Amino acid sequence: NESLGLLLLITAGNADIQTIVTVQGFIETIFSILEDEDLTAGGKVARDLLQCLINVVGNATCQKYLRETNGAASIVSAISMAVTGKSEEEDDEYEKREGEHRWSCLSMLVDASLALAQSDQAEANRLALVKAGALELLQHLADPMAEVPQLRLVQLFEALEPCPQAAER
């Protein structure tokens, strides 16, 4: 946790550090760790990792790296997991999560996606998100969930709307 705290601090505003950690596999590491986290619980580790992600996605070099690797697909997959949670087979203690942090990971993932979709490289980033299956997240709007997460997903879809490939789907 101390290492994660340090990464939060150094990635918060230093573009050179953001670039260095990104090309050293930081984004892949974030999503690798998040696979073991229950994103519906909104735990501190997951929230700190997602804040680190938000820190680096504002950097143009990091955006390009994210597009050219599996980063966009990892974001889309994590958004889906934040909505649905782990399956009952994966989590014997699964129960409907409610409370203070229930939707915090989803909100942070949508923030990261919006930072991509509304950046200077928005066109390329939107295309990467659409190709990664972001529009398939529409199916979750029919899932029973609170209004706030539904509105966050709608914000993402609105940000992807200018992408010509989004209109084709």
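Helices H1 and H4 pack with their axes 9 Å apart, at an angle of about 25 degrees. Keep in mind that this is a predicted model.

**H1 against H4**
- Angles under 35 degrees count as roughly parallel, so H1 and H4 are roughly parallel to each other.
- The crossing of H1 past H4 is left-handed.
- On the H1 side, the contacts come from Leu 4, Leu 7, Leu 8 and Thr 11.
- Their partners in H4 are Val 45, Asp 48, Leu 49, Gln 51, Cys 52, Asn 55 and Val 56.

**H2 against H5**
- H2 covers residues 15–23 and H5 covers residues 60–68; their axes come within 8 Å and cross at roughly 15 degrees.
- H2 and H5 are therefore roughly parallel to each other, and their crossing is left-handed.
- Gln 18, Thr 19, Thr 22 and Val 23 from H2 meet Thr 61, Cys 62 and Tyr 65 from H5.

**Salt bridges**
- Searching the whole structure turns up two salt bridges.
- In a salt bridge between Asp 48 and Lys 44, the side chains meet at 2.9 Å, N to O.
- Both Asp 48 and Lys 44 sit in helix H4 (residues 44–57), four residues apart, or about one turn of the helix.
- Asp 48 also turns up among the H4 residues that meet H1.

**Surface patch**
- Leu 6, Leu 9 and Ile 10 make up a nonpolar patch on the surface, and together they have about 290 Å² of accessible area.
- Leu 6 belongs to helix H1, which spans residues 2–11.

Terms used: Residues are numbered from 1 along each chain as its sequence is written. This is a predicted model: local features need pLDDT of at least 70, side-chain atom pairs count only at pLDDT 80 or more; totals for chains, interfaces and linings use all residues. Side-chain values use heavy atoms; hydrogens and water are left out. Patches are made of residues with over 30% relative accessible area and no salt bridge: like charges are joined within 9 Å, nonpolar side chains (Val, Leu, Ile, Met, Phe, Trp, Tyr) within 5 Å. Accessible areas come from the Shrake-Rupley method with a 1.4 Å probe; for residues, only the protein chains shown count as cover. A salt bridge is a side-chain nitrogen of Lys or Arg within 4 Å of a carboxyl oxygen of Asp or Glu. Helices (H or I, at least four residues) and strands (E, at least two) are DSSP runs, numbered from the N terminus. Axes are lines fitted to C-alpha atoms, for helices over the stretch in contact, and angles run from 0 to 180 degrees between N-to-C directions. Angles under 35 degrees count as roughly parallel, over 145 as roughly antiparallel, 65 to 115 as roughly perpendicular and the rest as oblique. A crossing is left-handed if the near helix is turned anticlockwise from the far one by less than a right angle, and right-handed if clockwise. Contact means heavy atoms within 4.5 Å.
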